[in-house]
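Work through the exercises below with the structure open beside you. Each task is followed by a solution in steps.

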Amino acid sequence: MIKPSINDFVIKFANTNGTGSASANNMFAKAMMRMGLPVSAKNIFPSNIQGAPTWYEVRVNEHNFLGRRGGKVDIMVAMNAQSFIADLDDIGDGGFLLYDSSKQIPASLIRENINYLGIPISTICLKEYQQPRLRQLFKNIIYVGALAALLKIEFGVLKTLVGDQFKGKQKLITPNIYALELGYQYAMNHFSCPLPIHVERRDLIGNQIMVDGNTACGLGAVFGGATVVGWYPITPSTSVIEKFASYCERLRIDPATGKKNFAVVQAEDELAAIGMAIGASWNGARSFTATSGPGISLMAEFLGLAYFAEIPVVLMNIQRAGPSTGMPTRTQQSDILACAYASHGDTKHILLFPDSPSECFEFSALAFDLSDRLQTPVIIMSDLDLGMNEHLSKPFTWNDKQKYDHGKVLSIRELDTLEDFGRYQDVDGDGICYRTLPGTHPNKGAFFTRGTSRDKNAVYTEKSEHYVENMERLERKFATAAEMMPKAEISSGIQNTIMGLIYFGTSSQAILETRHRLKEQGLPVDLMRIKAFPFGSEVKQFINNHQQIYVIEQNRDGQMRSLIVNELEIDPAKLIPILCFDGLAITAKQIVDDIDRHITKQQDILNPDQLIKPEVG
Amino acid sequence: MSYNKSRFKHKHLPVNDLGLTYRDYEGAISTLCAGCGHDSISSAIIHACAEMSIEPHKIAKMSGIGCSSKAPNYFLNNAHGFNTVHGRMPSVTTGANMANKDLTYLAMSGDGDSASIGLGQFAHVVRRQLNMVYMVANNGVYGLTKGQLAATSDRGVKNKTGDISLFNDIDLCVMALQLGASFVARCFSGDKNQLVPIIKAAIAHQGFAFIDIISPCVTFNNHPGSTRSYDYVQEHVTTGAVTDFVPVKEEINHQVPEGKFEDVCLHDGSVLRIHKLTADYDTSDRFKAIQDIEQHKAKGEILTGLLHIDPTAQDFHELNNTTDTPLNQMKQDILCPGERVLGSINDSFR
């Protein structure tokens with residue numbers, strides 16, 4: 001029998017994609033939040049539109065341990081015959097299987113050590129609904145209703161959610177609530193409700209919101225003043241642009257004329273997508289594109305142009321599992337080196353690593369300021385997990401007093417008073433030069449923007465000293481950039497321990513639990529979350545302050561570790577890689593196991609009995 | 001490298017409506033080979049812009065990579081220019097145009113830049129009906145890499161080193177017509193009387209204007225056997241009509257003999273006066289234009305002149321319903337929804 005527990009479980013929904021399960025499953029997760037419970041939900045979906053297995057895994061945990069728990073699940077809602085055998089196997093001993101019992105399951109599929117909760121969902125739907133589509137859709141609502149009874153979810157919470165979901169479509173509300181009732185009543189009448197695992201209302205959510213990172217990135221671009229978008233559809237970045245466009249349709253229509261204060265151009269490929277963004281930025285509009293995996297490779301040439309010709313541009317990279325087409329619907333943090341050094345020649349790019357929807361919003365808006373101020377590409381390094389799954393997050397914040405910073409752009413008046421304009425003159429000594437926009441002044445400030453070597457006045461040159469001077473100035477600019485970046489977040493909970501953990505992006509979901517587990521083992525750790533590249537001085541300091549550093553990341557090659565070693569000249573032996581690259585979000589369990597394994601190995605080496613000794617003869 | 005030009009101006013140079021002479025529209029001294037057709041194009045652009053009294057700084061010069069794409073350096077010094085990456089000028093111009101619809105976009109590309117590496121971008125910018133003048137300096141050869149055959153080379157011709165063009169050529173005018181360009185012309189860089197008015201008309205045209213300009217490469221494709229040499233083109237060029245550009249301010253007072261002349265009124269009120277040399281010349285039918293090009297080609301002739309114009313076509317901004325103020329001039333108070341709106345957006349996620 002499973003250990004009874006309140007507000008601590010993992011439930012997984014196994015569905016077939018294209019059957020409308022997503023909104024029902026989402027309703028379940030949202031109900032947890034409305035019950036005041038910390039919750040996380042992960043959609044594990046195929047690169048397919050209809051008919052393939054898809055899963056939705058929800059974790060509820062009062063301690064805010066919201067990374068993926070890993071291991072087997074407590075409750076499985078198995079609605080997909082295709083994946084049934086595997087799903088059955090995925091249930092932990094003493095766990096529960098909720099399934100459609102319209103057809104009897106063969107004896108071979110009976111496991112002794114789990115609980116079977118059969119509901120004849122198909123039969124109920126066949127009886128209640130005439131249209132095939134409704135029969136399918138309401139199956140999902142019925143199991144949510146049943147779960148309300150089994151897990152003691154307040155029915156009123158579900159009713160409100162249905163009301164919210166179908167606001168303005170009153171006709172749909174009653175049948176949905178009826179379907180919830182069908183499931184609820186069936187469970188009440190046939191099972192002993194609630195199960196030993198269930199929920200109780202708490203007040204642990206505060207003012208948090210639940211939203212996906214791509215929505216946040218798109219919205220951040222609206223608030224950051226982006227007006228031009230070039231884009232090419234690619235999973236998992238597509239919804240960044242779709243959300244940007246839909247918020248613009250709501251918030252950026254000129255009230256007098258009904259015309260658009262924005263332009264979203266669907267390009268022919270990723271090269272054109274970033275080309276458009278660069279063209280618009282060159283002309284002084286805030287502009288961006290979003291992509292993932294293969295798109296990054298294709299955009300490399302243009303990133304080099306923007307770096308060298310010094311044109312601002314914002315790129316949102318929603319990383320997925322590579323290389324090549326890789327696992328296009330699975331998550332990874334594997335484009336770090338490809339982005340940090342994108343393009344041929346000596347190039348370096350600014351990277352921002354958001355770890356939550358609120359930070360996606362913040363960094364997205366911030367990226368436009370940084371990119372304008374530094375006149376160079378800024379790449380937001382999100383990933384599929386952050387971008388496409390809904391996460392509990394601090395609310396988005398904006399201060400009306402904060403003004404867009406367009407950096408060093410000369411106005412017509414400034415040009416008038418200027419004796420001598422040279423596009424690439426480092427007047428202020430910070431590596432950042434003054435730029436002019438086309439159409440500003442009748443006879444001052446015009447120049448030829450190019451990706452070829454040029455002198456300080458933007459005139460083509462093949463003189464080595466001019467080229468070297470320019471390349472060195474770009475290095476100076478990058479050093480200036482390091483001071484403008486968001487500082488790494490360093491936990492000061494337990495200071496001066498031997499061990500430091502470095503992580504970034506979505507790995508932070510597993511960190512709270514990781515630290516808790518390590519502490520229970522008597523291993524206190526300090527934490528540092530990197531938020532940006534180039535690294536601020538605090539990064540090196542943190543590394544120097546600890547004897548042993550574990551770098552946690554979601555790729556095979558330890559790319560962040562390489563970047564740290566390369567850029568900060570750290571002894572590689574000091575940085576131990578903790579790597580997860582199976583395409584699923586990293587778990588605290590894996591991090592702790594890897595650290596334990598490393599420590600054991602180290603102790604073995606230090607144990608003199610086990611050292612191989614020379615033979616004495 | 002670019003040289004400084006003498007700033008000397010003749011006292012009696014004619015001035016345009018802005019009080020500027022053609023010298024105010026010049027660029028740096030060309031570093032292209034002496035006799036390069038592209039220099040004639042630069043000169044035609046300078047004269048077209050000066051005579052139309054366009055403020056030079058309200059023009060953006062766009063280009064890709066190659067000899068053709070260096071050319072914008074050699075005209076309009078007071079205009080910003082953007083020498084982008086190979087074959088990608090159309091996307092950069094699209095973005096630039098989205099950001100500021102008020103500038104005139106003069107783009108220079110070449111046959112390698114548009115018919116090979118950038119064929120996809122070329123096709124899609126035509127489809128998008130971007131308001132720009134897209135000029136291809138077409139010499140049938142890769143100049144900057146020293147004489148390789150281009151995709152616009154006629155099948156069967158030999159380059160200077162003797163390589164034979166084995167495949168069918170790509171005719172960018174035919175492609176532009178097929179994809180719905182609202183202004184398509186073909187010119188010969190050596191015929192200034194034809195080129196200048198057509199460039200003017202292309203600038204005045206609201207929408208996508210494409211001009212394929214046969215522009216011989218004196219160094220790598222001017223040999224006997226080439227179909228893009230000065231001699232060959234001069235001998236084989238033909239045209240259906242002489243096009244004249246009449247700006248808005250000039251009154252049209254002489255009689256138009258019926259049948260031989262056609263006036264096309266452009267978006268800005270200027271007029272294209274077409275003097276038909278062949279009776280069946282018709283600029284309104286793009287399918288006929290495709291046929292005409294192919295028929296002349298079959299005869300070994302290069303059909304030049306204005307091939308098609310649709311003065312009523314909508315450009316990208318009209319199709320997109322973009323606001324009238326250029327997007328790059330929008331201020332934060334218009335663009336940023338602000339704290340209060342964000343509060344209600346937050347609520348929608350609870």
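**Exercise 1: A strand with two partners**

Strand 9 (residues 237-239) of chain B runs parallel to strand 13 of chain B, and three bridges join the pair. The model is a predicted one.

Task: Find which residue of strand 13 of chain B stands opposite V237(B), and state in which sense strand 7 of chain B pairs with strand 13 of chain B.

Solution. 
Step 1. Start at V237(B): the residue opposite is I302(B) in strand 13 of chain B.
Step 2. Turn to strand 7 (residues 183-188) of chain B, which pairs with strand 13 of chain B in the antiparallel sense over four bridges.
Step 3. Locate one facing pair here: A185(B) stands opposite L306(B).

**Exercise 2: A covered helix**

Task: Decide how many residues of helix 3 of chain B are buried.

Solution. 
Step 1. Locate the helix at residues 89-99 of chain B.
Step 2. Apply the cut-off: a residue counts as buried if 20 or more other C-beta atoms lie within 10 Å of its own.
Step 3. Count: eleven of the eleven residues in helix 3 of chain B are buried. Among them are M89(B), V92(B), N97(B) and A99(B).

**Exercise 3: Where the chains meet**

Task: Describe the contact between chains A and B, and find which helix gives the largest share of the side of chain A.

Solution. 
Step 1. Count the residues on each side: chain A supplies 57 and chain B supplies 51.
Step 2. Look for the main contributor on chain A. Helix 9 of chain A gives the largest share, nine residues.
Step 3. Sort the residues on the side of chain A: 32 are nonpolar, 16 are polar and nine are charged.
Step 4. Strand 17 of chain A and strand 2 (residues 80-83) of chain B are parallel and share three bridges. In this pair, F448(A) faces G81(B).

**Exercise 4: Two sheets in chain A**

Task: Give the strand order of the six-stranded sheet, then explain why strands 18 and 23 of chain A each have one side without a neighbour.

Solution. 
Step 1. Read the six-stranded sheet of chain A in the order 3-4-2-5-6-7; the sheet is open and its pairing is mixed.
Step 2. Identify the edges: strand 3 (39-44) and strand 7 (115-119) of chain A each pair on one side only. From one strand to the next, the twist averages 15°.
Step 3. Examine one pairing. Strand 3 and strand 4 (residues 53-61) of chain A run antiparallel and are joined by six bridges, and K42(A) stands opposite E57(A).
Step 4. Move to the open sheet of five strands, also in chain A, with the order 18-20-19-22-23 and mixed pairing. Strand 18 (489-490) and strand 23 (575-579) of chain A are at its edges with a single partner strand each, so one side of each has no neighbour in the sheet.
Step 5. Within this topic, note that strand 19 (residues 499-503) and strand 22 (residues 548-553) of chain A are parallel over four bridges. M499(A) stands opposite Q548(A) there.

**Exercise 5: Chain A as a whole**

Task: Compare the radius of gyration of chain A with that of a compact globule.

Solution. 
Step 1. For 617 residues, a compact globule would have a radius of gyration near 25 Å.
Step 2. Chain A has 27 Å, which agrees.

Key. Residues numbered from 1 in each chain as written. Chains lettered and ligands numbered in written order. Predicted model: local features only at pLDDT ≥ 70, side-chain atom pairs only at ≥ 80, totals over all residues. Buried ≥ 20, exposed ≤ 12 C-beta atoms within 10 Å, placed from the backbone. Contact = placed C-beta atoms within 7 Å. Nonpolar A, V, L, I, M, F, W, Y, C, P; charged D, E, K, R; others polar. Pairing = 2+ DSSP bridges. Axes fitted to C-alpha atoms, helices over the stretch in contact; angles between N-to-C directions. Rg over C-alpha atoms; globule rule 2.2 N^0.38 Å.
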